[in-house]
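User: I would like to learn how to read charged pairs and nonpolar cores in a protein model. Could you take me through them step by step?

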Amino acid sequence: MNNQKVVIIGAGFGGLSSAIRLATLGRDVTIIERQQQAGGKLQRIQLGDYHFDRGPSTITMPHVFREVFELAGVQMEDYVKMYDLEPRTRNVFADGTTVDLSSDRAFMKEQIAAYSEKDAQNYDAFMNESKALYREANQKFLGQLMIRPQDKYNISMLKSLLRVRPVTKLNTLLQRYFTHPNTLQMFGRYATYVGSSPYEAPSIFAMLAHVEAELGVYGVEGGTYSLVSGMEKLAREKGVIFRTGEEVKRIKTHHSRITGVETDRDEYKADVVIANGDVLRIHQLLIPESERPSMNNRKIEQYEPSLSGFVTLAGIQQQYDKLLHHTVFFPDNYQAEFTDIFGKKRAPEDPTLYLCYSGYSELGMAPEGGSNLFILANAPYVSKEWNWELESSAYQNKLIRRLAELGVTGLERADVMSHYTPEDIQRDTLAYRGSIYGISSNNPKQTFTRPSNRSKDIEGLWFVGGTTHPGGGTPIVTRSGRLVAEEIAR
């Protein structure tokens, strides 16, 4: 029925993707976003003359974004432009060694051989396995929903699961190819792309080595937020109505069927509601427990949230030779970082530090001769074990001292600086316990059987985002939005 009224809660990548697809297919779509602008966890921040993206900054799988535009009958380049980064990311290890991730396998082997001949010899075999894992995941897990029993329980899916070895941990797989801590850290870090630990997450995430090195890492002209702006522009052209700065307070039902939503300003009738937010938090906040027996409070508490992040934005009238667009500084003891985060639930003593310096690639992001630095340290999800309100300033100063030791000096004299904690993420985006990626992928169950995209309790209620299928990460969430829209239209 093409006069179907759809309300989407949240204007992150999943909500925007769903909105564009459904509006293109003739549905009446309204997006309600509690923040003042679209983007969810990705927001554009300007501090003085410095421009920052607060949120996702490493863009991969550009074909996923391209298909959002092309299925709407337009060219992506008319709305947003991306550029390939080569090298992709600079990895700086505790022993001072550097590896610039590249699509050039010979160059990669040469760099790895500087500290481990054996690891260099095994690089090709590992990358071939990574490509095979990606192909399997793309065909079976990332390209279709898992909402009916026959979607999950069939011979083809069983064979696919056996091929990706769901109970083998990522670090275990990496140790079949590599022995040196540097190489294990460089590829183990991919578990953090889904908010998890390389020592617990399944080996399927080794596919991200192929995704980054060989499919590419991309910058976005004007900053990553330009992707949001381009999708919002297209959605508006397709007739999507945006209500920003307005918060949904209740999902309304009658006899377990969606009737609409109630906000802090109005009521909206709907045949379908798509929640582009954390599945667990949506249930907690917007649906009485009596109406959601399959996602009651006890069940919600059994899920382990993903890791969060502590972000510092620093603008400084100084440039740094050792930084590329993306640079990662690894600690001496990588495993201790995840023991702190998931075991002790405290900010790591010596965290991996990721820096995005988009001004490296694009003039105008910082004043001439200056740097706009997005600095991210992995952090625990919100719990009583760590109080960011008390600890954040001291922790930021600790990270600035650490960066000075690594050669990124002078940040204590920055022109502008601000920080953003897991508690801020929880407050602004209603992410469950401040997690960035929804639930973690620290076990096979949470990786391969995530909460369904379709509510089991309420007809007409759907979910897109990192907690539901197919999982976390910007392109994956964008894909989930399109898949859900097409299923609703069917």
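User: Which side chain meets arginine 90 in a salt bridge?

Analyst: Before the answer, please note that this is a predicted model, in which local features need pLDDT of at least 70 and side-chain atom pairs count only at pLDDT 80 or more, while totals for chains, interfaces and linings use all residues. Residues are numbered from 1 along each chain as its sequence is written, and side-chain values use heavy atoms, with hydrogens and water left out. Side chains of opposite charge can pair when their charged atoms come close. A salt bridge here is a side-chain nitrogen of Lys or Arg within 4 Å of a carboxyl oxygen of Asp or Glu. The side chain of arginine 90 meets that of aspartate 100, with N to O at 2.8 Å. This pair links distant parts of the chain, since arginine 90 lies in strand 6 (residues 89–92) and aspartate 100 in strand 7 (residues 98–101), ten residues apart; strands (E, at least two residues) and helices (H or I, at least four) are DSSP runs, numbered from the N terminus.

User: Are arginine 90 and aspartate 100 buried or exposed?

Analyst: Buried means under 20% relative accessible area, exposed over 50%, and partly exposed in between, with a 1.4 Å probe and protein chains only. Both arginine 90 and aspartate 100 are buried.

User: Where do aspartate 424 and arginine 427 lie?

Analyst: Both are in helix 16 (residues 422–429), three residues apart, which is about one turn of the helix, and they form a salt bridge whose closest N and O atoms are 2.9 Å apart. Aspartate 424 counts as buried because its relative accessible area is 16%, whereas arginine 427 counts as partly exposed because its relative accessibility is 48%.

User: How many salt bridges does the structure hold?

Analyst: The structure holds 30, and a network of salt bridges links Arg21, Glu67, Arg479, Arg482 and Glu486.

User: Which residues touch the most other members of the largest nonpolar core?

Analyst: In soluble globular proteins, nonpolar side chains tend to be buried together. A nonpolar core is a set of buried Ala, Val, Leu, Ile, Met, Phe, Trp, Tyr and Cys residues joined through side-chain atoms within 4.5 Å. In the largest core, which has 64 residues, Phe126, Met186, Phe187 and Met207 touch the most other members. Helix 5 (residues 123–140) supplies the largest share of this core, six residues. A second, separate core of 44 residues includes Met82, Leu145, Tyr218 and Val484.
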